[in-house]
2 protein chains.
Amino acid sequence: MADVLIPAVTMVARMPSLMDCAPILPVPVAEISGEASVGAEEAPLILAGVLLSLIVIYLASKVGGEFCARINLPPVLGELVGGVAVGVSALHLLIFPEAGAVETTPSLLVSFLGATTGAGLETAIAVSQTYSEVISILAELGVVILLFEIGLESDLQELIRVGPQAVIVAIVGVVAPFLSGTLGLIYLFHMTAIPAIFAGAALTATSIGITAKVLAELQQLSSEEGQIIIGAAVLDDVLGIIVLAVVASLAKTGEVEISNIVYLVLSSVIFLVGSIVLGRFFSPYFVALVDKLQTRGDLLLSSLIFVFFLSYIATAIHLEAILGAFTAGLVLAETDKHKGLEEQVIPLADTFVPIFFVCVGAKTDVSVLNPLVPENREGLVIAAFLIIVAIIGKVITGFTILGQPEINRLAIGVGMIPRGEVGLVFAGVGSASGALSRPLEAAIIVMVILTTFLAPPMLRVVFQSSDSGEPALNAEVASATVEDVDT
Amino acid sequence: MADVLIPAVTMVARMPSLMDCAPILPVPVAEISGEASVGAEEAPLILAGVLLSLIVIYLASKVGGEFCARINLPPVLGELVGGVAVGVSALHLLIFPEAGAVETTPSLLVSFLGATTGAGLETAIAVSQTYSEVISILAELGVVILLFEIGLESDLQELIRVGPQAVIVAIVGVVAPFLSGTLGLIYLFHMTAIPAIFAGAALTATSIGITAKVLAELQQLSSEEGQIIIGAAVLDDVLGIIVLAVVASLAKTGEVEISNIVYLVLSSVIFLVGSIVLGRFFSPYFVALVDKLQTRGDLLLSSLIFVFFLSYIATAIHLEAILGAFTAGLVLAETDKHKGLEEQVIPLADTFVPIFFVCVGAKTDVSVLNPLVPENREGLVIAAFLIIVAIIGKVITGFTILGQPEINRLAIGVGMIPRGEVGLVFAGVGSASGALSRPLEAAIIVMVILTTFLAPPMLRVVFQSSDSGEPALNAEVASATVEDVDT
């Protein structure tokens, strides 16, 4: 699950402000939503805000990524840290109104925008909602393109071959952390059932985006371990949607809607299997059609139509857009166009994907990690417990694979550790439902931050120990392939 | 000038609806603008709307572009026509709330979105403003990237060499249509001064986007004629901003603000000359920095930071973002990285640029062209006059170049004909100021549509006649270079 759902949650709190206004409004709601309030001089200002945000995002991603590459850490970690540096936790440059920041002080970027364009602070604040929304959507398109690229570099045959192992890894990786987390909170921390179940649910997530990116950087995406991790992470994404639906309805109504679960399970299976089967059937016609095209962007745009089509269907049936993008990548990887397509997707991914990672970092409030603040301490104790469960609960998954003595079981388990944006969604939904106490909510966020930020370097270490130092070299080869074009 | 300004105008009419609400609101305006009204379930819906719009845009651009390529017309014309087909004039799939469509009936795409996602029509309408705004920004980024690509493929030395000719072409191309249009309307059609001046001003515009794209398709961008056209079109863009400022203040206050004109002239000259001089000075350091980077996207992202930086400055000083992007392209074209960069920009341009052209088409209401509607007829008569002036006024510019008998003077003049989105901005500003009568406004729009849609095929003919049929072949070579990568 991408961070699509995060605004969904935090938005709720601000709904009344509009409702106060709505009853006396003579115009339909659609009129005052969107940018209807943005007047004449403000239209170019939205573009200016988007440009400024992109400059900040790219600078943060490059500075962070290059720094991490130099100290032998995965560049994506640097992008996340770069995001934290420019986001709500530190420099306050990139603030998303969803995070509730507009109510207090405007971001530095908004002030800068207002001052440099001469539009004034108030006008800049008025457009900040709109351009932040544009950046959020660009970030979501970023993770869609990332998963498309991952799918394109994956091997469907290999994925089917490792399917049974991936299923075991995914299921153990959901059940083990959920049970140990929930029961531990109930028996060790004497919590009631609902908040404990929420925290347990947050432990089940796997951030496919972060893991896949690190695997790609280590050139381990097409290894057997890599394909098991990707397969399991995709299944975890589906399981995560189902767990979230169950927990959310449990918190809301106190009971579980069976029909909803059955619908989600069925629709995911039908979608994944159906689009792969249909996709493989139609892909020869797709290739034949692309061969007939004469104008620029023939292959790339035709492929993007297919990617966005499957992403849309996935969103429409309440799954995630990234599932559709990944499946589209898998299908197109099977065609003989995949090599040329991969080359063209690289610049697109380079442009869009950093937006996603920097935004994830920018939206993460790391102030809950500060032990000097007294109210953080109770949360940090719970967090310590959650982190242990989060790591052990996923690490053991690799050891559930029977046979295959040569496989790197530790790497598979470690690959499932990062909770990323998915874990934040659980924290957000829990917080909105009122089920979570303040310390427990902080503990979940701390767990998500640490698993997300620790997993990339851990993953590098466990792959390095098995390949005796080679992956680090491979990672530079990976970035060198892009540079070859320049020279 | 890009279509950045179009919403600026049509927005004004809807401002009161918000104002009605504002005084009794306990929250700041920023609260109810943006997507604050978009509740919990609607967040993934925005992404779904963007995906759906992109599918429609890409389908329209490919179907239109391929069709035109087959009947030997420039593909970009097909993208415009494809946009008209899916836009406000025909299929009503891609509607921009700025065009005032939300008030009447929701677009087909919005209905489809509401039905397929199960969100319902009202929810879909509520998010349509936001996702349309995202598409508008993507279109603007599209023209930014197009002008960056054009700048990258231009030759600064050649541009400086043809500079004097370009200046003459630009100035004659502004003065001739303005004077003949304004005086013609006053003396032949007995109009008052202000509306006649508005219509005359609309005749001065040149759409650099459309002309540059056609030149690139004809492989004439680096020819002497091509460089004169590009140079003159860039100057026209600056002149257009100045003319618009003059006309708008004339319509509003009845007098011309000299200080504003001086500011615009000075800031354009300082910006263009300053960024090229400083850019050339700093570009060796830029290249050295890029050479030191190790992570993916090193060259592309560093370049985009530079492009967006100059675009931002241009916007901030009230010029156009595309001027900054073009200048950035010119500067980077001088470095030894330009070959590798061009290759990486192609997929990015292929993804973004069609959004711009399809959106220009989608926003154009061609119903004013229908002579069967009685109220269109008066406008069509004025339009016939304006079109003649529009074509002759620009075609003569090529013949003002002294010496150089071998140059294709007709091609230069024809290259300046398309008014594109810039002409629509004039119509929009005029319409908002209340200075234009309904027939005159319709006439300006008809003039813009026809010059925009006729110029690409005319340009192909005039270049073809001089090169005896070769350019058509070249255009296919141009698209083949992209395809080479696939095989």
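**Contacts and helix packing in the predicted model**

Apart from neighbours within four places in sequence, Leu91(A) is in contact with Ala85(A), Val86(A) and Leu108(A), two residues being in contact if their C-beta atoms, placed from the backbone, lie within 7 Å. The model is a predicted one, in which local features need pLDDT of at least 70 and side-chain atom pairs count only at pLDDT 80 or more, while totals for chains, interfaces and linings use all residues. Residues are numbered from 1 along each chain as its sequence is written, and chains are lettered from A and ligands numbered from 1 in the order in which they are written.

Leu91(A) is placed in the loop that runs between α5 (75-86) and α6 (108-117) of chain A, where helices (H or I, at least four residues) and strands (E, at least two) are DSSP runs numbered from the N terminus. Because it has 17 C-beta neighbours inside 10 Å, Leu91(A) counts as partly exposed; a residue is buried with 20 or more other C-beta atoms within 10 Å of its own, exposed with 12 or fewer, and partly exposed in between. Between Leu91(A) and Ser107(A), which are 16 residues apart in sequence, the C-alpha to C-alpha distance is 8.8 Å.

Chain A as a whole contains 21 helices and zero strands, and 61% of its 487 residues are buried. Of the contacts in chain A with a separation of 6 or more, 77% join residues 24 or more positions apart.

Within chain A, helix α12 (residues 224-253) packs with helix α13 (residues 258-292) at an angle of about 170 degrees, the axes being 10 Å apart; axes are lines fitted to C-alpha atoms, for helices over the stretch in contact, and angles run from 0 to 180 degrees between N-to-C directions. The two helices, α12(A) and α13(A), are therefore roughly antiparallel, a term applied to angles over 145 degrees, whereas those under 35 count as roughly parallel, 65 to 115 as roughly perpendicular and the rest as oblique.

In chain B, the axes of helix α9 (residues 163-187) and helix α12 (residues 224-253) come within 8 Å and cross at roughly 45 degrees, so α9(B) and α12(B) are oblique to each other. Residues making this contact include Gly163(B), Val169(B) and Val174(B) of α9(B), together with Ile228(B), Asp236(B) and Val243(B) of α12(B).
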